[in-house]
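Please keep the sequence and the model in view while reading.

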Amino acid sequence: MEFNRHISRRLHEEHDATLTLWGRVESTLVAGKSDPALLKSAAASLSHELDVHFEFEEKELFPRLAAAGEADIGELLAEEHAAIRAAGRSFIELVRSDPDAAQLRPLALELAERLFSHVQKEEMSLLPMLEDLVDEEADGELTAAYTS
Amino acid sequence: MMFPPGARSRLLPMSLPFRFFGAAVVFQLAAWGVLFAFPSELISFEGGLGPVFAALHLVTLGVLAMTAVGATLQLLPVATRQPVRSLGAAKLVWWLLVPGVAVFAGGAAAYAPGTMGIGAMLTVLALAIYAVLLAANLRGARGMKGVVAHGWAALACLALLAATGLALAARFEHGFALDHAAFRAAHLVLATYGFMGLLAIGLSNFLLPMLAVAPTPPAPIAYAVLITAIAGIAAALLGYALAAALLGLAAAVVHTVALERALRARLRPALGTGFPLVRVSWICLVASLAMALAMALEIAPPRALLLFGLLLVPGWLLTFLLGVLQRIVPFLASVHGSTASRGTPLISALTPGPLLAAHQVLHVAAVAALLIAALLGEPWLVRAGAAAGLAGAVVFAAFFSFVLVKVRQHGIQPPHQPATA
């Protein structure tokens, strides 16, 4: 889908990067291979995702959805954020403290699944809605807030 | 938080789409069961009333239309950014459609046109209410213009389909004089390539890339496919069989190639469950149009019309729909099962891999056996195919029940294998 707003395009690009990285994580682990550098990179990326991307969506975008009568979608996405955060924090901690831990593989696979499913929903519902809800001025403000 | 029913404006209460899917599960069992009980009737089937006619409509109305209604009620609001206008009307569609299909099929199987007529009226009423809901949604649609255009074309076909269906039912009941062969052919084309086909093609362009985490096919290609398909349907309605087959074949090939190219660019390596059935369905779609072409050129094998119908209904439409259901039932159940206190269920925990693999094998075996039976004219092969289809339908019912139980329990464990959506 083509996005006209800067903020939608920016989030879409980050989604693509997330999917590409976690696609590699998933296929590596399913093939039974070990790649500590890849998991480290995934943990670093996830940390940014949780601290910046999720925070921004929750503070800036979901309230706008609610104000426009679309609270349901925002609340569903927020519930998924909570689940991803819980698994993500454990994953980041394990990669840092015990990269050989047996529970790292199932945790990474769970995260890959949750991230894929979550991004699908945001691409299908959140970003198209932003195209409707955000005018040019708000687009500039949101993009500046996100990139600052 | 757990949302009360209807609180999520564009996410319908789970019971709404799932009641349609559940009815489709039951009607699929009935369709295969009828075919299993009357295998020799299929070989000699020429379109008249009886068990095969009943089985055909159990599939087209009971499974295909039923699922299309349930799926579009949930998926179109997401694509068009418009809520369903009336949940009560959507529920009424189910309450009319389910008995309508049951009475219609029962009347047809019992050679009772009067009973069939009652079922036809209920069914047409249900589809008319659905058409109003669909039109209201499409009229206010924002975004996904390609999906919306396919929706309007499908809606037009649905209106003509209902009109030809009522005319045919009136002929059976009251002996109205009409060109039976022409009306029957128009009814078949409008139901399969028209209403169901255009909906399937339109939603495929949005849904399959979403499920596979892939880009959508380019919009100009999607529009070209739509225009070509509409031209093919119009040609078929006007009796130009050769032109219809060629146009349909071109649309089908371009559609499948465009989607295959989109899927190749996916970001997630594993395609997962459901897609093998979708690919089999595409082969059957193209094969059905190749068979139509052979019939138009008068180079088709014996029982070509039967082969064409088998490729079209169980081969393309039913197989496609079952493949998509394998994916969207766990996906939608996961969405509906999400709560702040217990989190979102993992789709992999709602996807019983071995069960779905068994369903795929049984369904494909059933379609293959029916095609071979039609080629050879062997009723015992029809029974074998129907037995495989019935077993597949039982396994599919088990899968559907599994998802309902799991989402109710919501006792989700981390997966040990990658999920499918």
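**Salt bridges, helix packing and loops**

Over all chains, the count comes to 9 salt bridges, a salt bridge being a side-chain nitrogen of Lys or Arg within 4 Å of a carboxyl oxygen of Asp or Glu. Side chains of opposite charge can pair when their charged atoms come close. This is a predicted model, in which local features need pLDDT of at least 70 and side-chain atom pairs count only at pLDDT 80 or more, while totals for chains, interfaces and linings use all residues. Residues are numbered from 1 along each chain as its sequence is written, chains are lettered from A and ligands numbered from 1 in the order in which they are written, and side-chain values use heavy atoms, with hydrogens and water left out.

Helix 2 (residues 36-67) of chain A packs against helix 3 (residues 71-97) of chain A at an angle of about 160°, and their axes are 10 Å apart. Helices here are DSSP runs of H or I with at least four residues, strands are runs of E with at least two, and both are numbered from the N terminus. The axes are lines fitted to C-alpha atoms, for helices over the stretch in contact, and angles run from 0 to 180 degrees between N-to-C directions. Helix 2 of chain A and helix 3 of chain A are therefore roughly antiparallel to each other (angles under 35 degrees count as roughly parallel, over 145 as roughly antiparallel, 65 to 115 as roughly perpendicular and the rest as oblique).

The contact of helix 2 of chain A with helix 3 of chain A has, by class, 16 nonpolar, 4 polar and 7 charged residues. In this scheme Ala, Val, Leu, Ile, Met, Phe, Trp, Tyr, Cys and Pro count as nonpolar, Asp, Glu, Lys and Arg as charged, and the others, Gly among them, as polar.

Which residues are linked in a network of salt bridges? They are A:Glu55, A:Glu58, A:Lys59 and A:Arg85. Being 4 residues apart in helix 2 of chain A, A:Lys59 and A:Glu55 are separated by about one helical turn. A:Glu55 also forms a salt bridge with A:Arg85, the closest N and O atoms being 3.8 Å apart. A:Glu55 lies in helix 2 of chain A and A:Arg85 in helix 3 of chain A, so this pair ties together parts that are 30 residues apart in sequence. A:Lys59 counts as exposed at 60% relative accessibility, A:Glu55 as partly exposed at 30%, and A:Arg85 is buried at 18% (buried means under 20% relative accessible area, exposed over 50%, partly exposed in between, with a 1.4 Å probe and protein chains only).

In chain B, B:Arg279 forms a salt bridge with B:Glu260, the closest N and O atoms being 2.7 Å apart. This pair links distant parts of the chain, 19 residues apart: B:Arg279 is in helix 10 (residues 275-296) of chain B and B:Glu260 in helix 9 (residues 241-264) of chain B.

The backbone of chain B also deserves attention. Most residues other than glycine have a negative phi. B:Tyr111, however, has a positive phi near 55°; B:Tyr111 is found in the loop between helix 4 (87-109) and helix 5 (113-139) of chain B. B:Val213 has a positive phi of about 55° although it is not a glycine, and its place is in the loop between helix 7 (180-212) and helix 8 (219-237) of chain B.
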